[in-house]
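Please read it alongside the sequence and the coordinates.

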Amino acid sequence: MSASHRTADFSLLERLSAAHGGAATHLTDPGVRGAVVVATCNRYESYLDVAADSDEDVQGAMDRALDRIATDTGVSAAELRPRTRTMKASRVAAHLFAVASGLDSVVLGEDEIAGQVRRSLADARKQGTTTASLERLFQMASATSRGVKNTTRINAAGRSMVRLALDLAETRLPAWSETSVLIIGTGAYARTTLAALRDRGVGVVDVASPSGRERRFAVRDGVRPVSADGRPDALAAADLVITSTNVVALDASDLSAAGRDPAHPLLVVDLGLPANVDKDVAHVTGVDLLDLETISLHAPVQELNASAEAFDLVDQAAKDFEQRSAEDAAAPAIVAYRTHVEQVLEAELARARARGDEDDETERALRHFASVLIHTPTTRAREAAAGGRLDEVVAAMRTLYGIEVGIEGVPPAR
């Protein structure tokens, strides 16, 4: 299930992110084996591994998950449902691969999303909500993202959210070398922001942290730490404040306490979700506020050649993943067939030994014959599964050999 900048406004995305962040434990139940949540500044998505024998069971699990999200965020299910997209089966891989490659972002080809997808899987591992199927899906998403980045110029076609924000800020500031910047936050976005500022030649950068981690960040990255006591002075001197944390980090009272000169313009860029800056900041004289919703309106036009090539790679990766997954689904039937043939072989060898026939050459020949006998049916089973005909494989095993194979989604014998 996906709520993103394409389906929902930023206020709803803020509420979803504030309620759960990347936590997935609230989504699991007896019908949901595992879950991974991808929560970024532009999206809130839940990927579910559902234990189901029918489409109705799958839909039921998705409905229950959506109801829990709605309850926890205080948004009615009726309000939330039209603002989300639900995907099943093959569409899930195609969507996640596009997301991880930056093709579903506000800014085409954004750099940060691939790392956020990787961290979402890592969070699910820590919470104990991932499964083998979800592991394969997310690992393939990361591999696809790397392939898109290395093969296409999609990252040049699009710019990260941070860099786009700085592009928009540039016309409202002095020369970058003369701009005094205060970063509030010490996470991944703060590091990306600092790198982008240095690329532009910014000379003075202070960093503050609501959690008190500014000194560690400053020592590592060579900027000036700002303690809670020193923050009013830093706000008074700054030309640009950039926030990227997980709490409300700035409001009008903070600027009043700083005693800013109204004639000294200040631009505040809020990169947080939920919002880090109270809207009342925009009403302070001499202060402009640039938030994610405004930034998204200025996302650049896609460069068609790069994006078309990237989408082709994602589409092929999704097809490869689905074929591999379908082939893997045939594994229980293949194992059952191999076991059946090997049991027949061992029984015949045991009878031969009982008759005193212990010829090693005969045993080797029989084992080779069994391997040849197994090869073609297992190959055909994988091909049939990849073509969506796994039920035919199960039926053939049952009819020809009396082998019963329990596979999710394939009905048992009547």
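Arginine 231 is found in helix H11 (residues 231-237), where helices (H or I, at least four residues) and strands (E, at least two) are DSSP runs, numbered from the N terminus. At 18% relative accessibility, arginine 231 counts as buried; buried means under 20% relative accessible area, exposed over 50%, and partly exposed in between, with a 1.4 Å probe and protein chains only. Not counting residues up to four places away in sequence, arginine 231 touches Ile184, Ala208, Val226, Ala249, Leu250 and Asp254, contact being defined as heavy atoms within 4.5 Å.

This is a predicted model, in which local features need pLDDT of at least 70 and side-chain atom pairs count only at pLDDT 80 or more, while totals for chains, interfaces and linings use all residues. Residues are numbered from 1 along each chain as its sequence is written, and side-chain values use heavy atoms, with hydrogens and water left out.

Aspartate 251 lies in the loop between strand E7 (240-243) and helix H12 (252-258), and at 22% relative accessibility it counts as partly exposed. Apart from residues up to four places away in sequence, aspartate 251 touches Asp278, Asp280 and Val281, and its C-alpha atom is separated by 8.8 Å from that of asparagine 276, 25 residues apart along the chain. Lysine 88 is placed in the loop between helix H3 (77-80) and H4, and is partly exposed, with a relative accessible area of 35%. Leaving aside neighbours within four places in sequence, lysine 88 is in contact with Val58, Gln59 and Met62, whereas the C-alpha atoms of lysine 88 and serine 227, 139 residues apart along the chain, are separated by 49 Å.

Helix H4 (residues 90-100) has 8 of its 11 residues buried, so it is largely enclosed by the rest of the structure. The buried residues of H4 are Val92, Ala93, His95, Leu96, Phe97, Ala98, Val99 and Ala100, and the helix is followed by glycine 102, whose phi is positive, near 80 degrees. Helix H8 (residues 161-169) is likewise largely enclosed by the rest of the structure, because 7 of its 9 residues are buried. In H8 these are Met161, Val162, Leu164, Ala165, Leu166, Leu168 and Ala169, and what covers them includes helix H5 (112-127), helix H9 (188-199), E7, strand E8 (266-270), strand E9 (287-290) and helix H13 (292-296).

The largest nonpolar core has 59 residues, and those with the most contacts inside it are Leu197, Leu240, Val269, Leu271 and Ile295; a nonpolar core is a set of buried Ala, Val, Leu, Ile, Met, Phe, Trp, Tyr and Cys residues joined through side-chain atoms within 4.5 Å. Isoleucine 295 touches Met161, Leu164, Ala165, Leu168, Val269, Leu271 and Leu290, not counting residues up to four places away in sequence. A second, separate core of 30 residues includes Ala100, Leu108, Ile113 and Leu134.

| Helix pair | Angle | Axis distance |
|---|---|---|
| H15 (residues 331-354) and H17 (residues 390-401) | about 20 degrees | 10 Å apart |
| H15 and H16 (residues 360-386) | roughly 165 degrees | within 10 Å |
| H4 and H6 (residues 132-151) | about 45 degrees | 8 Å apart |

Angles under 35 degrees count as roughly parallel, over 145 as roughly antiparallel, 65 to 115 as roughly perpendicular and the rest as oblique. H15 is roughly parallel to H17 and roughly antiparallel to H16, while H4 and H6 are oblique to each other. A crossing is left-handed if the near helix is turned anticlockwise from the far one by less than a right angle, and right-handed if clockwise; H15 and H17 cross in a left-handed sense, whereas the crossing of H15 with H16 is right-handed, as is that of H4 and H6.

Between H15 and H17, the contact is made by Ala333, Tyr337 and His340 of H15 and Val393, Met397 and Tyr401 of H17. By class, this contact has 5 nonpolar, 1 polar and no charged residues, where Ala, Val, Leu, Ile, Met, Phe, Trp, Tyr, Cys and Pro count as nonpolar, Asp, Glu, Lys and Arg as charged, and the others, Gly among them, as polar. In the contact of H4 with H6, Val92, Ala93, Leu96, Phe97 and Ala100 of H4 meet Leu137, Phe138, Met140, Ala141, Thr144 and Ser145 of H6.

Methods. Axes fitted to C-alpha atoms, helices over the stretch in contact; angles between N-to-C directions.
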